[in-house]
Amino acid sequence: NIVLGHHNVIGPHVVMRGNITIGNNNKIDTGVVLDNNVIIGHNNHIYAYASIGALGEMGTKGDRFVEGGKVIISNEVTIREFVCIHSPVYTLETSIHDKVYLMNKSYVAHDCIVGKGTVLSAGVLFAGRCVIGKHANLGLGATVHQSTHMGAHAMIGMQAVITADIMPYATVAGNPARILGFNRRGVA
């Protein structure tokens, strides 16, 4: 059940299993794995060895898959090498909105929603059910606890550990993360 749009470039050793829909003008590099139910929009670039749509990890509860659940990658998204995006477990979607940039080795767990224009630096880790507002910017190696909400235009420092909700425009850093100031310009 693979549906491909026009002008896509699919690299060698790409694996597509399940219900996969890919729009137009996408580039999918070597060794990418698309599993279960994945919808990819237009003008995206998925770099080598990314994994999208694998079962949501639930530890000792057992990995799960919600019938009808899907991963949605919108438009003009960049997903760099070794990024992992899991299928939903509690809701019907894990979603990455338009113009998001996920740097290498980022992890987006089950049921996360990543808002438009957000940037995840290398090694950023989202636990399940996180909701990230538009144009947030997460520094290298930041870790976000499950069910955390992060407001639009928030700026998160390198190696920050987010254990509570972050208000819009907040600039935070540390372990646990604390507010250091505010992103007054609204630019990441």
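## A bridge between two strands

Tyr101 stands opposite Val119 in E15. The two strands concerned, E12 (residues 101-102) and E15 (residues 119-120), run parallel and are joined by 2 bridges. Strands here are DSSP runs of E with at least two residues, numbered from the N terminus, and two strands count as paired if DSSP finds at least two bridges between them.

## Basis and confidence

The model is predicted: local features need pLDDT of at least 70, side-chain atom pairs count only at pLDDT 80 or more, and totals for chains, interfaces and linings use all residues. Residues are numbered from 1 along each chain as its sequence is written, and side-chain values use heavy atoms, with hydrogens and water left out.

The pLDDT, which is the predictor's confidence in each residue on a scale from 0 to 100, averages 96 over the chain, and 98% of the residues score at least 70. Confidence is lowest in E24, at a mean of 95, and highest in strand E9 (residues 78-79), at 99.

## Sheet arrangement

An open sheet of 10 strands has the order E2-E4-E6-E9-E12-E15-E18-E21-E23-E24, with mixed pairing. Its edge strands, E2 (9-10) and E24 (177-182), each pair on one side only.

Parallel pairing also links E5 and E8, over 3 bridges; Ile40 has Ile73 in E8 as its bridge partner. E8 is in turn joined to strand E11 (residues 93-96) by 4 bridges, and these two strands run parallel. In E11, Glu93 is the bridge partner of Lys70.

Leaving out residues up to four places away in sequence, Leu102 touches, among others, Ile79, Ile85 and Leu120. Contact means heavy atoms within 4.5 Å.

## Asn37 in strand E5

Strand E5 also contains Asn37. Asn37 has a relative accessible area of 13% and is therefore buried (buried means under 20%, exposed over 50%, partly exposed in between, with a 1.4 Å probe and protein chains only).

A polar atom of the Asn37 side chain lies 2.9 Å from the backbone oxygen of Gly69. Beyond its neighbours within four places in sequence, Asn37 is in contact with Asn19, Phe65, Gly68, Gly69, Lys70 and Val71.

Conventions:
Polar contact = N/O pair within 3.5 Å; in protein donor to acceptor, adjacent residues only side chain to side chain.
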